[in-house]
Amino acid sequence: MVSFPRCEACGMPMSHPSQHGNGDTGHPYCLYCTDTAGQLRPRSEIREGMIHYVMKSENWTRDKAEAEVDRQMIHLPAWQPAH
Ligand SMILES: [Zn+2]
């Protein structure tokens, strides 16, 4: 089984180079978490996108989706407190 790198901001597996920011496989963030310059989008924007994705894909209420997204974001490298 091939394991793909995961976006460090939203956890999405990036199975194709085009799914990386800037289409660069060395980029730690996905297409959806970066802007056209390849810069990481603000946390609030990414969180909102993840909440909508979970609500749609799981058919969950916003409250439930928010709780799940917050639980996931705690573990994602992009949102760790600076050392
Ligand atoms: Zn991402």
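Buried means under 20% relative accessible area, exposed means over 50%, and partly exposed lies in between, with a 1.4 Å probe and protein chains only. Keep those words in mind for the tour.

This is a predicted model, in which local features need pLDDT of at least 70, side-chain atom pairs count only at pLDDT 80 or more, and totals for chains, interfaces and linings use all residues. Residues are numbered from 1 along each chain as its sequence is written, and side-chain values use heavy atoms, with hydrogens and water left out.

**Stop 1: Glu8**

Select Glu8. At 31% relative accessibility, Glu8 counts as partly exposed. Glu8 sits in the segment before H1. Helices here are DSSP runs of H or I with at least four residues, strands are runs of E with at least two, and both are numbered from the N terminus. Glu8 and His27 are 19 residues apart in sequence, and their C-alpha atoms are 9.5 Å apart in space.

**Stop 2: the zinc ion**

Select the zinc ion. Which atoms coordinate the zinc ion? The SG atoms of Cys7, Cys10, Cys30 and Cys33 do, at 2.3 to 2.4 Å. Donors are N, O and S atoms within 2.8 Å of the metal (3.2 Å for Na, K and Ca); water is not among the atoms, so sites may look incomplete. Along the chain, the donors of the zinc ion follow the spacing C-x2-C-x19-C-x2-C. Cys7 and Cys33 both lie in the segment before helix H1 (43–58), so this pair ties together parts that are 26 residues apart in sequence.

Look at the angles next. The 4 donor atoms subtend 105 to 115° around the zinc ion, which makes the arrangement tetrahedral. Four donors count as tetrahedral if all angles lie between 85 and 135 degrees. For four tetrahedral donors, the ideal angle at a metal is 109.5 degrees.

Check how covered the cysteines are. Cys7 is buried, with a relative accessible area of 2%. Cys33 is buried too, with a relative accessible area of 2%. Cys10 counts as buried at 15% relative accessibility.

How many disulfides does a search of the whole structure find? The search finds 0. A disulfide is a pair of cysteine sulfur atoms within 2.5 Å.

**Stop 3: the largest pocket**

Select Cys10, Met12, Gly49, Met50 and Tyr53. Among the 18 residues lining the largest pocket, these lie nearest its centre. A pocket is found on a 1 Å grid over the protein atoms alone: it is an open set of points where a 1.4 Å probe fits, with protein on both sides within 12 Å along at least five of seven lines, and lining residues have an atom within 4 Å of a point.

The volume of the largest pocket is about 390 Å³. A volume is the space filled by probe spheres set on the grid points, which are joined across faces, edges and corners.

Colour the helices. H1 and helix H2 (62–73) each supply at least two residues of the lining. H1 gives the most, with 8 residues. The lining divides into 11 nonpolar, 4 polar and 3 charged residues. Ala, Val, Leu, Ile, Met, Phe, Trp, Tyr, Cys and Pro count as nonpolar, Asp, Glu, Lys and Arg as charged, and the others, Gly among them, as polar.

**Stop 4**

Select Asn22, in the segment before H1. Its phi is near 60°, a positive value in a residue other than glycine. At 53% relative accessibility, Asn22 counts as exposed.

Move to Asn59, in the loop between H1 and H2. Asn59 has a positive phi of about 60° although it is not a glycine. Asn59 is exposed, with a relative accessible area of 69%.

Notes:
Tetrahedral: all angles 85-135°; square planar, octahedral: opposite > 155°, others 65-115°.
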